[in-house]
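Here is a friendly briefing to read alongside the model. Take a look at the fold, then we can go through some of its strands and charged pairs.

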Amino acid sequence: MKTCVIFNPTARGEKARHFREQIAALSTECSLKPTCAAGAGRTLAAEAVREGFEVIVAAGGDGTVNEVINGIGDEPDGLARVRLGVLPLGTVNVFAQELNLPARFEPAWQVIRQGRELAIDLAEVEFSVDGQPRRRCFAQMAGAGLDARAVQLVDWEQKKRFGRWAYVLAMLKALNRPQPQIAVTDGTVTLVGQAVLLGNGRYYGGKYRVFPLADWRDGLLEVAVLPRSDWFALLRVGWGLLTDQLHSAGGVRHVRAASVHLYSATPVPFHVEGEHVGQLPVKFSVRPRALRVVVP
């Protein structure tokens, strides 16, 4: 398979440094495309599709994976012609954990070499910026409300220094902000809450089974709605996550649907794969089995 690897040559941290020492060896097996700025992974992935690469590897975290997926999708027939590979080098790597990919470089690269393919559902969100329609694909997760505010408030230096704990610190800041009501509807059922989490896979924010009923191949999103975003509510959610009983012990309401709309009377941010994207209103939906992924 004609393969290219898209990676961030300036990524910091021990894992990224070790990867840079190993990536030179890959040049004999594949092409390397280093990113130069935020969002560049999308442009490079689209370029790789046009150049005829059959496997495009995202070497990074969930944000890098998302950029590459969208770049593949930007090209006509890109999703049909290209397989996505993942080398997990990010802070949390939720998508890689869902795929059950090895965390170490060598065995993760062996997975890509073997080239076993799985077609999974591809989720997408439709929104507008300055009145212009936009669309963004994602493979794993999205959210609106409290956790999206935390994503906005994450300090980059703290993220590099403390990893996922930087999100915890940002969440504490977000709790001190007003929490507007968000309406979620699939056209039949309407739920209202102050935070909304959406899952294409089971995991969210790490190896936490926020969406235990989620199935990548059923054409549905699982949506979790938190009625309140305060300390007491988060303690209940935390207990539900620790005991793997979020559906029954976390005070969270759920709906499964092929598409859902999210609305709010006041500005509410939303994120995709831990990256801030925009404001409500939005529509989330699923393209059944549209993404070809290299898996163990």
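Which residue's side chain meets that of Glu98 in a salt bridge? The partner is Arg202, at 2.9 Å from N to O; a salt bridge here is a side-chain nitrogen of Lys or Arg within 4 Å of a carboxyl oxygen of Asp or Glu. This is a predicted model, where local features need pLDDT of at least 70, side-chain atom pairs count only at pLDDT 80 or more, and totals for chains, interfaces and linings use all residues. Residues are numbered from 1 along each chain as its sequence is written, and side-chain values use heavy atoms, leaving out hydrogens and water.

**Salt bridges**
- The Glu98–Arg202 pair links helix H5 (residues 94-98) to the loop between E10 and E11, 104 residues apart; helices (H or I, at least four residues) and strands (E, at least two) are DSSP runs numbered from the N terminus.
- Glu98 counts as buried at 10% relative accessibility, while Arg202 is partly exposed at 27% (buried is under 20% relative accessible area, exposed over 50%, partly exposed in between, with a 1.4 Å probe and protein chains only).
- Glu117 pairs with Arg83, their closest N and O atoms being 2.7 Å apart; Glu117 sits in strand E5 (residues 117-129) and Arg83 in strand E4 (residues 83-88).
- Glu51 forms a salt bridge with Lys33 at 3.1 Å. Glu51 lies in the loop between helix H2 (40-50) and E3, and Lys33 in strand E2, so this pair ties together parts 18 residues apart in sequence.
- Altogether, 13 salt bridges are counted.

**The open sheet**
- Six strands form an open sheet in the order E12-E11-E10-E7-E14-E15, with antiparallel pairing (two strands pair if DSSP finds at least two bridges between them).
- Strands E12 (253-257) and E15 (275-279) are at the edges with a single partner strand each, so one side of each has no neighbour in the sheet.
- Five bridges join E10 (residues 195-199) to E11 (residues 221-226), and Gly199 has Glu222 as its bridge partner in E11.

**Strand E1**
- Five of the five residues of E1 (residues 3-7) are buried, so the strand is largely enclosed by the rest of the structure.
- Thr3, Val5 and Phe7 are buried on one side, and Cys4 and Ile6 on the other.
- E1 runs parallel to E3 (residues 55-60), joined by five bridges, and Phe7 stands opposite Ala59.
- E1 also runs parallel to E2 (residues 31-34), with four bridges; here Cys4 stands opposite Ser31.
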